[in-house]
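Me: I would like to learn how to read a sheet and its ring contacts in a model. Can we go through one?

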Amino acid sequence: MSLLLAIRGWDQRYWQEKFQALLHERRVLLPDEVSDPAYVEFIAAWKHAPGSLKAYRNTRAVFSLGAGVDHLLSDRDLPDAPVVRIVDSDLTRRMTEWVVWQALDWLRQGARYRAQQQAGQWIDDREQPSAGDISVGVMGLGELGMASALALHQIGFNVAGWSRTPKKPEGAVSSMPCFSGSDGLSTFLARTDILVCLMPLTPQTEGILNQSLLSGLKQGGRLGGPVLLNAGRGGLQDESAILKALDRGVLFGASLDVFRQEPLPAGSPFYNHPKVRVTPHNSAMSHPDAIAGQIVQQIHRLDSGGTLLNVVDRQAGY
Ligand SMILES: NC(=O)c1ccc[n+]([C@@H]2O[C@H](COP(=O)([O-])OP(=O)(O)OC[C@H]3O[C@@H](n4cnc5c(N)ncnc54)[C@H](OP(=O)(O)O)[C@@H]3O)[C@@H](O)[C@H]2O)c1
């Protein structure tokens with residue numbers, strides 16, 4: 001029996017070696033090495049060609065090589081097997097770093113001081129807002145959103161969250177206001193200076209960062225206007241609405257790690273926009289050793305009669 005690696009855009013041989021070094025009892029195959037699809041027991045995939053997994057009818061689980069599963073669930077011909085995502089403390093920490101880095105860069109006017117330094121200017125400016133003056137709203141209170149909310153809270157930001165189902169957070173963020181569903185959205189937006197989006201791409205969230213949502217954000221505020229941080233998925237963004245909101249001052253700025261088209265094409269207006277910070281979808285890279293190790297552990301759990309962890313709800317889409 002074997003594990004099939006169905007990967008596009010990453011180095012397949014590199015991943016094959018990583019997996020084979022850990023999965024001694026099974027062969028790790030690339031698609032063109034499979035002679036009989038019936039012998040494929042597990043699939044680990046990243047952005048495979050839709051329809052290309054249809055023949056693997058004996059698959060016991062399909063593993064995503066990342067935290068998101070939109071690349072799998074958008075394939076109507078996916079084998080009828082549990083879909084499993086990655087939940088990894090290293091990935092969560094990296095995403096938290098990105099969110100805190102971007103929030104602090106907007107709070108502490110990073111772009112302004114970098115420009116002043118380059119111009120050789122020393123402008124004595126004592127009017128500095130502090131984190132406590134800023135309300136951050138985290139959209140998506142899952143693994144990544146909740147960890148980011150906690151880190152932002154610890155720095156002193158006023159943090160609130162929004163999710164699909166109601167939440168009662170525990171521990172240090174137990175007093176964090178939490179909103180849910182379409183009923184809670186407008187109240188959540190109206191208090192938000194920095195909107196952090198860490199949601200999955202599903203049919204319900206596609207294009208959610210649109211003109212109507214952006215215009216519901218708190219105007220004014222100590223940053224000069226609301227700021228959007230999106231590291232969820234590019235498909236959440238209505239990108240022309242974001243550009244218009246920036247140009248009209250409805251948004252003060254945006255830090256974007258993800259885009260509808262990746263790599264972001266040369267000439268995209270996001271690259272040179274003075275109010276936009278672009279990172280190349282690397283806010284939280286999946287470390288191959290951790291990812292392969294976790295998937296192999298899951299296979300061994302099944303072998304010893306256990307159940308899979310982090311199985312996604314195919315109906316909900318995440
Ligand atoms: N840029 C990168 O490098 C990178 C890296 C990793 C992940 N990501 C992205 O980050 C996403 C989130 O990851 P995660 O591990 O935190 O996911 P997660 O644990 O599944 O959490 C998802 C959160 O989004 C909320 N949500 C889902 N649909 C919603 C809707 N229609 N309305 C309101 N809230 C909704 C969920 O609400 P409930 O709590 O009510 O279920 C949950 O709180 C991934 O799906 C992936 O797209 C990006």
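Me: In what order do the seven strands of the open sheet run, and is the pairing parallel or antiparallel?

Reply: Strands of a sheet pair through backbone hydrogen bonds, in either a parallel or an antiparallel sense. In this predicted model, the order is β8-β7-β6-β9-β10-β11-β12, with parallel pairing. β8 (178-180) and β12 (276-278) are the edge strands, each pairing on one side only. From one strand to the next, the twist averages 15°.

Me: How many bridges join β7 and β8?

Reply: Three bridges, in the parallel sense, with β7 spanning residues 158-163. For S163, the bridge partner in β8 is S180.

Me: Which strands does helix α3 lie across?

Reply: Helix α3 (residues 89-107) lies across β9 (194-197), β10 (227-230), β11 (253-256) and β12. Its angle to β10 is about 160°.

Me: How many aromatic pairs does a search of the whole structure find?

Reply: Eight. One of them is W10 with W46, a stacked pair at 4.9 Å centre to centre and 15° between the planes. W10 lies in the loop between β1 (2-7) and α1 (12-22) and W46 in strand β3 (residues 40-46), so the pair ties together parts 36 residues apart in sequence. The rings of F179 and F188 make a tilted pair, because their planes are at 55°, with centres 6.1 Å apart.

Me: Where does the charged end of R277 sit?

Reply: Over the ring of W106, 4.1 Å from its centre.

Notes: Residues numbered from 1 in each chain as written. Predicted model: local features only at pLDDT ≥ 70, side-chain atom pairs only at ≥ 80, totals over all residues. Heavy atoms only, no water. Pairing = 2+ DSSP bridges. Helix = DSSP H or I, 4+ residues; strand = E, 2+ residues; numbered from the N terminus. Axes fitted to C-alpha atoms, helices over the stretch in contact; angles between N-to-C directions. Contact = heavy atoms within 4.5 Å. Phe/Tyr/Trp six-rings, centres within 6.5 Å; stacked < 30°, edge-to-face > 60°. Lys NZ or Arg CZ within 6 Å of the ring centre and 35° of its normal.
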